[in-house]
Amino acid sequence: MLICYKHVPLGLLRSCVFNQHLILRTITVRAARTKQDETEYTGANKSLIAPLPERLLRKHNTAMSVELKQATSDIQRFTKARKFDEAWSVYKQTLNPDAAIHCAALNVCAKAFWHDRALQIWDKLPEEDRSVVSYTAMIDMHGRHKQVDEAERLFREMTSLGINPNVITHIAMISAYSMAGHGGHGSGRMENALIHFKAMQTTMLPQSSVQTQQAAYTAIMGACARDGNYTKAHELFQQMLEAGIPPTHMHYNTLMTACASQGYSETAQQVFDMMCTQKLLPRVEDYTILMSCWKHDLARCQQLMADLRSANLQPLRRTCQELLEAHVLARDGPGGRVLVRDAGAHLDSGSRKVLRLLGELDRLQD
C-alpha cells in the first residue's frame, strides 16, 4: 500500500513533465529500443526470435578463417549482451567480411532498430550469398519496424528463388504480423500469422528443439493476444500441452495479455493461479499484466502491488502506469496523486498514455 503524509500540487508535476517533453514523437529509434528493453517480457510484445538466428549463423562457419570466426563469435556475444555498438564496431573493423559476418551484423541491426544500416548491408550482400539466415534476419528487422509489407515481400522473394523458409523464418513472419497490430487489417493479419504457424506445426516444428517450439507457440499466442482473441490463444495453449511442450512464464503471460483487452479479470486470475501451481514463481511482468486485467478494481490492484513488493520484486514503469490507471478509473484523485509523487521516475513521463492519465487525474476533485 502507498501511504501519503504530504501533498504536492499535481499541476506543478505536470508542468515539469510537459517542459521536459514538449514535443511528442510518434516513435524514434531511441524510444523504440528503450521500450523494447522494458516490454520484452510481455507475452504479446516479446521479441520472439532474438537468440535463434545466432544459432543458425554457425552454418556459415565451416570454411571461415580463424579471424572471421572470431569476429562472428564476438558479434554474436556482444549482441546477446545487448552491446550493439560494440558488435557494430567489430563488424566495421572486419576486413573482407563474408556472408556469416554480414548475417551476424543484420541480426545486430534488427535488435538495435538500425533500419538504414541493415539496408546498407543487404544492398551490398551479393545475391548468391543471400540465404535463409540473411532473409530471416531482414524479415525480423522489418517486423520490428512494423513494416509487414516489406517482410511479406522478402518472404515471397526468397521462396521464388527456391530458398525454403525454416522454423525461424515462420516465427519471424508471425512476429511481424503480431507487431504490426491491427491497422485496419487485424483479422487478415491474424489469419496470415496462423497460416505460417500451420505451415510448420506438424512438419518442421516437431523436429525442432524445445526452446524453438516454445518460441513458436509464444509467437502465435502473442499474435492472438494482440488481436484480443483469448479463445484462440487458449486453444493453441492446449495444443502445446497436448504436444508435450512445457509452458513457460511467457505462455501464461500471453494468455493474461489476451484477457487484458477484453476485461477478463477472473479468467486472468485463474491463469495466474495455474501458473503458480506449475511452480513458476510470478515475475514483476506477470503481476503487471494481471493488474492491467484488474484495472477496474482499485483495491485488487493495490493488493497486487503489495504482493509484488512482498515477493521482493520492484515495480516497472509499466506497473506504476497500470496502478495509476486504476486510480483514475476509480476516480481516486488523492490516491492517484500520492502514487504520482511516490513513483517519481518509475512513471514513464514520455508516455502518451501516462500524460493522458495525468491530465485526467488533474481534473479529479480531492
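## Model confidence

This predicted model has a mean pLDDT of 85, and 81% of its residues reach 70 or more. pLDDT is the predictor's confidence in each residue, from 0 to 100. Over residues 1-31 the pLDDT is below 50, and this stretch has 39 contacts beyond near neighbours in sequence. Residues 33-63 also have pLDDT below 50, with 89 such contacts. Contact means heavy atoms within 4.5 Å. Where pLDDT is low, the predicted coordinates should not be read in detail.

Local features need pLDDT of at least 70, side-chain atom pairs count only at pLDDT 80 or more, and totals for chains, interfaces and linings use all residues. Residues are numbered from 1 along each chain as its sequence is written, and side-chain values use heavy atoms, without hydrogens or water.

## Helices α16 and α18

Helix α16 spans residues 284-293 and helix α18 spans residues 317-329. Helices here are DSSP runs (H or I, at least four residues), numbered from the N terminus. The two pack at an angle of about 20°, with axes 9 Å apart. Therefore α16 and α18 are roughly parallel (angles under 35 degrees). Their crossing is left-handed (the near helix is turned anticlockwise from the far one by less than a right angle).

From α16, Val 284, Thr 288, Ile 289, Met 291 and Ser 292 meet Arg 318, Thr 319, Glu 322 and Leu 323 of α18. By class, this contact has 4 nonpolar, 3 polar and 2 charged residues.

## Lys 111

Lys 111 sits in helix α6, residues 99-112. Lys 111 counts as buried because its relative accessibility is 5% (buried means under 20%, with a 1.4 Å probe and protein chains only). Phe 84 is 27 residues away in sequence, yet the C-alpha atoms of Lys 111 and Phe 84 are 8.2 Å apart.

Notes
Buried < 20%, exposed > 50% of the residue type's maximum accessible area, 1.4 Å probe, protein only. Axes fitted to C-alpha atoms, helices over the stretch in contact; angles between N-to-C directions. Parallel < 35°, antiparallel > 145°, perpendicular 65-115°, else oblique. Nonpolar A, V, L, I, M, F, W, Y, C, P; charged D, E, K, R; others polar.
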